[in-house]
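Please consult the sequence and the structure shown here while reading.

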Amino acid sequence: MSRKSTVMVKRSIYQMGVVTVTASVIWIGVAIYQTLVTPVDVNVPVEMLKPLSPVLSGETLTELTTRRQMENQDWSSLSKVQVRESSSSGVAQR
């Protein structure tokens with residue numbers, strides 16, 4: 001009797017697995033179909049659609065020379081990360 005119940009349990013687990021995989025594949029297929037069929041409404045501002053001028057103006061060049069530059073950083077201090085435990089939530093904080 002024990003062997004028969006073990007076989008039945010294995011069979012039911014197998015059947016549940018097949019049904020789960022089938023449902024997952026159908027769910028993903030429906031989601032992909034809806035994504036492909038649903039039209040996308042794209043609103044692009046008119047300023048972005050205007051063609052760019054091939055000539056650089058003096059104002060643009062001035063803006064380029066006055067923009068902020070990144071300085072070289074010493075990243076070696078970030079190699080050791082200290083983690084402390086939070087007393088209230090139990091989640092580690094940095």
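The following paragraphs treat the fold, the confidence, and the surface in turn.

The model is predicted. Its chain holds three helices and two strands, and the order of these elements from the N terminus is α-α-α-β-β.

Confidence is described by pLDDT. The average for the chain is 79, and 80% of the residues reach a score of at least 70. Two elements mark the ends of the range within the chain, as the table shows.

| Element | Confidence in the chain | Mean pLDDT |
|---|---|---|
| Helix H1 (residues 2–37) | highest | 92 |
| Strand S2 (residues 92–93) | lowest | 49 |

Of the 94 residues in the chain, 1% are buried. The accessible surface of the chain amounts to about 10,000 Å², and carbon and sulfur atoms account for 61% of that area.

One nonpolar patch on the surface consists of Ile28, Ile32, Tyr33, Leu36 and Val37. Together these residues have about 560 Å² of accessible area. Tyr33, a member of this patch, is located in helix H1. Why does Tyr33 count as exposed? Its relative accessibility is 56%, and exposed means over 50%.

Methods
Residues numbered from 1 in each chain as written. Predicted model: local features only at pLDDT ≥ 70, side-chain atom pairs only at ≥ 80, totals over all residues. Heavy atoms only, no water. Helix = DSSP H or I, 4+ residues; strand = E, 2+ residues; numbered from the N terminus. Buried < 20%, exposed > 50% of the residue type's maximum accessible area, 1.4 Å probe, protein only. Areas by Shrake-Rupley, 256 points an atom, 1.4 Å probe, with all protein chains shown as cover. Patch = residues over 30% accessible without salt bridge, like charges linked within 9 Å, V, L, I, M, F, W, Y side chains within 5 Å. Salt bridge = Lys/Arg side-chain N within 4 Å of Asp/Glu carboxyl O. pLDDT = per-residue confidence, 0-100.
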